[in-house]
Amino acid sequence: MAIRVAHVGTGNVGGLALAELITNPQFELTGVCVSTPEKVGKDAGELCGVGLEPGVVTGVAAVGDLDALLATRPECVVYCAMGDTRLPDAMADVMRVLAAGVNVVGSSPGLLQYPWGVMPDKYIDRVEDAARQGNSSILITGVDPGFINDLIPFALAGTCQSIEQVRCMEIADYATYDGAEVMHYMGFGRPLDEVPMLLQPGILGIAWGTAIRQLAAGLGIEIDGITESYQREPAPEDFDIAVGRVPKGTMAALQFEIRGMSNGRPAIVIEHITRLRPDLRPDWAQPAAGGGSYRVEITGEPSYAVDIVPSSRKGDHNHAAIVGAAGRIVNAIPAVIAAPPGIRTTLDLPLVTGKGLYAPTTLVST
């Protein structure tokens with residue numbers, strides 16, 4: 001029998017997750033909740049953008065109210081509403097869903113990926129209390145923070161005899177990334193004398209602290225503290241990207257590091273190199289192929305350097321990475337439903353293998 005699933009949020013990740021819910025026979029879509037009034041009443045198929053072929057009609061009309069969504073009696077809610085800039089609202093939403101007896105899998109609020117050591121205990125306890133009340137579970141995941149910072153390094157680390165450092169990198173050109181709110185949050189196209197929200201002191205350490213803490217817990221590393229640093233590069237002239245114009249002198253490239261320190265040494269490092277043009281800062285690390293890649297490095301015995309290059313038949317590297325985030329979220333639904341109540345993480349869920357996804361095409365040679 002198909003799993004009854006409702007969905008919240010139809011942005012970049014949400015639209016692609018919704019498309020999988022519609023097309024994967026493992027799931028029955030019961031409802032869709034949106035925050036934009038213009039989307040209320042539209043068919044779920046219409047809200048999927050590039051995730052579905054045009055003209056797909058589901059008969060499920062979007063609502064603008066969480067209670068109306070829960071009234072459809074789903075077993076799980078896929079929650080992909082924006083959480084970075086509306087953390088209190090996102091936290092309240094997921095606790096409401098959990099207390100109603102419905103499991104949650106989603107991309108936000110990101111701090112719930114692994115909140116211990118990052119969020120105050122009183123806020124974690126509220127989420128756990130809601131989950132116990134509803135006998136429900138929650139998993140928050142994605143790509144980065146997400147499987148690049150936990151699933152893949154854990155798999156590699158499990159073959160090592162010793163580990164000195166784990167480094168996870170995203171190296172990408174964001175010129176085609178169609179997310180104005182996220183780009184503004186990061187500071188792209190903004191004057192260098194402004195410090196955007198992401199680069200305010202402590203925010204990087206909070207945003208990726210969940211990934212640092214989860215890796216540390218899985219590897220048995222005692223983290224003494226988290227440090228952060230960043231570099232910015234201005235645009236050499238005006239140029240245009242997906243979200244608009246980047247004026248000369250404003251931020252056009254960004255490098256940052258978050259380091260989990262142990263006994264004064266950087267045991268776990270997460271590094272991002274984000275450009276809006278490939279010619280900017282050629283001295284920074286370059287993607288393994290195309291416009292973007294991820295890299296997991298383990299220094300130890302043995303040492304590893306693994307490049308992950310996402311690609312898609314429906315878009316570029318940015319689109320492919322978002323598809324991966326959406327797939328990680330949706331494919332985890334059965335495991336989260338089966339899990340004990342509470343906040344679940346990669347550390348305590350079984351391996352999600354992609355069971356039932358095989359779909360050969362004429363492009364696959366025999």
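How much area is buried between domain 1 and domain 2, and what percentage of that area do carbon and sulfur atoms give? The views below take that up, using a predicted model.

**View 1. The two domains of the chain, 3-140 + 322-343 and 151-309.** Domain 1 is made of two stretches, 3-140 and 322-343, while domain 2 runs over 151-309.

**View 2. Where domain 1 touches domain 2.** Here 13 residues of domain 1 meet 14 residues of domain 2. About 1,100 Å² is buried between the two domains, and carbon and sulfur atoms give 62% of that. On the domain 1 side, the touching residues split into six nonpolar, five polar and two charged. Polar contacts do turn up: two residue pairs, both at pLDDT 80 or more.

**View 3. The largest nonpolar core, with 83 residues.** L21, V32, V78, L198, L276 and I333 have the most contacts inside this core. Domain 1 and domain 2 both give residues to the core, so it lies between them.

**View 4. A closer look at V32, one of the residues with the most contacts inside the largest core.** Leaving out residues up to four places away in sequence, V32 touches H7, T10, L18, A44, L47, V60, A61, A62, V63 and L69.

**View 5. A second, separate core.** This one has 26 residues, with V8, Y79, M91 and V127 among them.

Methods:
Residues numbered from 1 in each chain as written. Predicted model: local features only at pLDDT ≥ 70, side-chain atom pairs only at ≥ 80, totals over all residues. Heavy atoms only, no water. Domains from an automatic or database assignment. Contact = heavy atoms within 4.5 Å. Buried area = accessible area lost by both parts, 1.4 Å probe. Polar contact = N/O pair within 3.5 Å; in protein donor to acceptor, adjacent residues only side chain to side chain. Nonpolar A, V, L, I, M, F, W, Y, C, P; charged D, E, K, R; others polar. Core = buried A, V, L, I, M, F, W, Y, C linked by side-chain atoms within 4.5 Å. Buried < 20%, exposed > 50% of the residue type's maximum accessible area, 1.4 Å probe, protein only.
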